[in-house]
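Reader: Please present the model under discussion, so that its helix packing may be examined.

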Amino acid sequence: MTATIHTLKVSLRDVSPPVWRMLEVPSEMTLGELSDVLVMAMGWEGYHLHAFTADGTIYWPVSRDDWFDDREDETRHRIARCCRRAG
């Protein structure tokens, strides 16, 4: 299997001046790993909650005591599987 790369433009909403980063990451990276990359790329410390949304599905860091059944564990989903199309 040939390794592929996803190119992602990450933009913060509602900030001026615009803040964004262009990232190239392995397509087989999990969303949990992508979260770590975003923290480093943006210079954050990783204290705030986050979630990814793709095609109507919400992915986030699920804990053992999580009560939200409609969200997927970000560590079990790879970028290539949930972000198959441009946009």
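Reader: Which residues of α1 are buried?

Author: Buried means under 20% relative accessible area, exposed over 50% and partly exposed in between, with a 1.4 Å probe and protein chains only. By that criterion the buried residues of α1 are Leu31, Gly32, Leu34, Ser35, Leu38 and Met42.

Reader: Within what arc do the buried residues fall, seen down the axis of α1?

Author: The arc is taken from the directions from the helix axis to the C-beta atoms. The buried residues of α1 line one face of the helix, because they fall within an arc of 155°.

Reader: On what basis were these values computed?

Author: This is a predicted model, in which local features need pLDDT of at least 70, side-chain atom pairs count only at pLDDT 80 or more, and totals for chains, interfaces and linings use all residues. Side-chain values use heavy atoms, without hydrogens and water, and residues are numbered from 1 along each chain as its sequence is written.

Reader: Against which elements do the buried residues of α1 pack?

Author: Helices (H or I, at least four residues) and strands (E, at least two) are DSSP runs, numbered from the N terminus. The buried residues of α1 pack against β1 (5-11), β2 (20-26), β3 (52-54), β4 (57-60) and α2 (79-82).

Reader: Is tryptophan 44 buried, partly exposed or exposed?

Author: Tryptophan 44 lies in the loop between α1 and β3. Just after α1, glycine 43 takes a positive phi of about 75°. Because its relative accessibility is 44%, tryptophan 44 counts as partly exposed.

Definitions and conventions:
Contact = heavy atoms within 4.5 Å.
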